[in-house]
Amino acid sequence: KLSDVRAIGQVQFSQGIAVVRQPLTAAIAWNGEKITVERATAQDLTASGVISVNTTKSNLPEITDLNLNAQAKNYILQELPLKLPNGIALAGKVDFGGQITGKLPEPNLIGEIRLRDLQVNQFAFDSVLTGNIESVRGRGFNLNVTGSKDRIALNLDANNRPNFFNVRWKDSVATGQAQGDNLTAKVDNFPLKILNLKTPANTLIGTGAV
């Protein structure tokens, strides 16, 4: 049985495992219950730590818990294991340094982050934003990053609803604070053109955009 096997050495995976999408090479030890990763490397990634595995539920081993220190670069934002509010679409790349813990498919992420060419829906932010990220299952999500002019500070509760946000994009500023079931928001200098509002066809002013 796999749970009776003991092993130590170098392994090469032809495809990714867990949150790693690329082929990787690792120095590991297996004691029947967990994989101790002395060092794992893939394209733009280094990691170390422990991966717990359940070998009793089925013929295939199941990863039950992660506890990894990781340094990752050039990760595509759309591939991050984050649960975002409906209607939020991300584009860009991210560099991450910190801890990956918890269970798949949405592990906890805590560390420093560097966003490059971030675009949220139709909003393109500064080419580089740096700061901190904390995404913990059952506790919520925190993001605080700044660039040369733009800023995103965001806190979501465990149900993925906003508690607080402070966003600066170019000359526009939006802030919000939850008060019970209500979200009080304030927006300054927001360009209406982004909303792509159209005037009705049958009006005295004719057709056009706002």
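In which strand is Ile63 found? Ile63 belongs to strand S5, which covers residues 62-76; strands here are DSSP runs of E with at least two residues, while helices are runs of H or I with at least four, and both are numbered from the N terminus. The model is predicted, so local features need pLDDT of at least 70 and side-chain atom pairs count only at pLDDT 80 or more, whereas totals for chains, interfaces and linings use all residues. Residues are numbered from 1 along each chain as its sequence is written, and side-chain values use heavy atoms, with hydrogens and water left out.

Ile63 has a relative accessible area of 25% and is therefore partly exposed, given that buried means under 20%, exposed means over 50%, and partly exposed lies in between (1.4 Å probe, protein chains only). Between Ile63 and Gln15 there are 48 residues in sequence and 16 Å in space, taken from C-alpha to C-alpha.

Leaving aside residues up to four places away in sequence, Phe125 touches several residues, including Leu118, Val120, Ile152 and Trp169, where contact means heavy atoms within 4.5 Å.

The aromatic rings come next. The structure holds two aromatic pairs, a pair being two rings of Phe, Tyr or Trp (its six-membered ring) with centres within 6.5 Å, called stacked if the planes are under 30 degrees apart, edge-to-face if over 60, and tilted otherwise. The rings of Phe123 and Trp169 have centres 5.1 Å apart and planes at 85°, so this pair is edge-to-face. Because Phe123 lies in strand S8 (residues 123-124) and Trp169 in strand S12 (residues 162-169), the pair ties together parts that are 46 residues apart in sequence. Phe123 counts as buried at 18% relative accessibility, and Trp169 is buried at 11%. The rings of Phe123 and Phe190 have centres 6.1 Å apart and planes at 55°, so that pair is tilted. Phe190, at 32% relative accessibility, counts as partly exposed.

Finally, consider the backbone. Asp44, in the loop between strand S3 (34-42) and strand S4 (45-54), has a phi near 65°, a positive value in a residue other than glycine.
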